[in-house]
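Please view the sequence and the structure together before reading on.

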Amino acid sequence: MAASDPIADMLSKVQNAARAGHEKVDVPASKMKLEIVKILKTEGYIKNFKKIQDDDAHNIIRIFIKYDESNKPVIHGMKKISTPGRRVYSGYKELPRVFNGYGTLIVSTSSGVTTGKKATEKQVGGELICTVW
């Protein structure tokens, strides 16, 4: 069965793997997912990731979950904002803050997928993809 919202599916897989204490999780690859995973890596929410091919020549992103010193996952929550049925857009002046700046907003702008802070610095708005805290 094909997922109607593949990005939300990826976010749930990562969140569930972190809560279950898994070391890694595999998700089907796409350009948008790869950009989101790169942001999660640079913001320090995951240890690492790599793009691989499985036996059937499907591209997969393997995400390595990051835990703190007390073995709790660094990702406390992830929430999808835009859905296939309801796209949410915002100008750079109205971009929401996540947990008063402690979380990260991921935005798809005309200059690529970026965080809310970088979009405000570049003065570009766009589609609100998800929040991570």
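The model is predicted. Its largest nonpolar core has 25 residues, and those that touch the most other members are Val 14, Ile 36, Leu 40, Ile 63, Ile 106 and Val 132. Two or more residues each come from helix 1, strand 1, helix 2, strand 3 and strand 8. Helix 1 supplies the largest share of this core, six residues. Another core, of eight residues, lies apart from the largest one and includes Val 88, Leu 95, Val 107 and Ala 119.

Helix 1 and helix 2 pack with their axes 10 Å apart, at an angle of about 40 degrees. Helix 1 is therefore oblique to helix 2, and the crossing is right-handed. The table lists the residues that form the contact.

| Helix | Residues in the contact |
|---|---|
| Helix 1 | Pro 6, Ile 7, Met 10 |
| Helix 2 | Met 32, Lys 33, Ile 36, Val 37 |

By class, this contact has six nonpolar residues, one charged residue and no polar residues.

Gly 103 is located in the loop between strand 5 and strand 6. Gly 103 counts as buried because its relative accessibility is 11%, under the 20% cut-off. Beyond residues up to four places away in sequence, Gly 103 touches Tyr 45, Val 98, Val 132 and Trp 133. The C-alpha atoms of Gly 103 and Gly 77 are 9.4 Å apart in space, while the two residues are 26 residues apart in sequence.

Definitions and conventions:
Residues are numbered from 1 along each chain as its sequence is written. This is a predicted model: local features need pLDDT of at least 70, side-chain atom pairs count only at pLDDT 80 or more; totals for chains, interfaces and linings use all residues. Side-chain values use heavy atoms; hydrogens and water are left out. A nonpolar core is a set of buried Ala, Val, Leu, Ile, Met, Phe, Trp, Tyr and Cys residues joined through side-chain atoms within 4.5 Å. Buried means under 20% relative accessible area, exposed over 50%, partly exposed in between (1.4 Å probe, protein chains only). Helices (H or I, at least four residues) and strands (E, at least two) are DSSP runs, numbered from the N terminus. Contact means heavy atoms within 4.5 Å. Axes are lines fitted to C-alpha atoms, for helices over the stretch in contact, and angles run from 0 to 180 degrees between N-to-C directions. Angles under 35 degrees count as roughly parallel, over 145 as roughly antiparallel, 65 to 115 as roughly perpendicular and the rest as oblique. A crossing is left-handed if the near helix is turned anticlockwise from the far one by less than a right angle, and right-handed if clockwise. Ala, Val, Leu, Ile, Met, Phe, Trp, Tyr, Cys and Pro count as nonpolar, Asp, Glu, Lys and Arg as charged, and the others, Gly among them, as polar.
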